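Subject: Structure for you to look over

Hello,

Here is the structure I promised. Please open it first, then read my notes below.

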Amino acid sequence: MEESGQNDAERRELRGLVERIKRGDCVLVLGPRLAVRPNDPDRRPFDELLACELLASLGDQGGLASQPPVSLRRAADRYYRERQDREDLELTVQEFYAREAKSTTDFHRDLASLPFRLCVSASPDSLMLTAFQEAKKSPFQEAKKSPQKGHYSFKQTSAAGLSSPTSDKPLVYYL
């Protein structure tokens, strides 16, 4: 009996969530571990792949890079300490994410088909933005969604050019 009551409560909660998503009342929040290459059978997150790339460029053989999961924070710290060049580190990270900029996953496409207006991302990848760009406004229309992109910057406060997000013009906001 108790299990049946729990299942009913879970079903009601799930139905409520589905209804809130349909109304556009939910904010989609994505963490960094969801950013993976579409065809990677191991589904290693971008932050781990980037950490391995940073360490490999330093000649790390059998060190930190061979002990999964590899910490991006520790790899970036080591890279900076050895190279003493913050700009080089920033450019390396930008180049890594630029190589992945046009890719997305089925998971992200499925999320983009839902009427989310706002997506907050804790990763600089473009997987959700690309998925929104590929998504149709509705199953009955050929028109594509027109996502907006914004980001937090402690150096400046600007939301220039951003309109109020809608399910047809969702905002992907990068932390």
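Does Ser103 count as buried or exposed? Ser103 counts as buried, because its relative accessibility is 17% (buried is under 20% relative accessible area, exposed over 50%, partly exposed in between, with a 1.4 Å probe and protein chains only).

Some ground rules. This is a predicted model, where local features need pLDDT of at least 70, side-chain atom pairs count only at pLDDT 80 or more, and totals for chains, interfaces and linings use all residues. Residues are numbered from 1 along each chain as its sequence is written, and side-chain values use heavy atoms, without hydrogens and water.

Back to Ser103. This residue sits in the loop between H4 and helix H5 (106-112) (helices are DSSP runs of H or I, at least four residues; strands are E runs, at least two; both are numbered from the N terminus). Its side chain reaches the backbone oxygen of Glu100 at 2.9 Å. Setting aside neighbours within four places in sequence, Ser103 is in contact with Pro38, Ser126, Leu127 and Thr130 (contact means heavy atoms within 4.5 Å).

Next, the strands. Strand E1 (residues 27-30) has Leu28 and Leu30 on a covered face. Val27 and Val29 are on the uncovered one. In a regular strand the side chains alternate between the two faces of the sheet. E1 runs parallel to strand E2 (residues 118-121), and 4 bridges join them (strands pair if DSSP finds at least two bridges between them). Leu28 has Cys119 as its bridge partner in E2.

Best wishes

Conventions:
A polar contact is a pair of N or O atoms within 3.5 Å; within protein, one must be able to donate a hydrogen and the other to accept it, and residues adjacent in sequence count only if both atoms are side-chain atoms.
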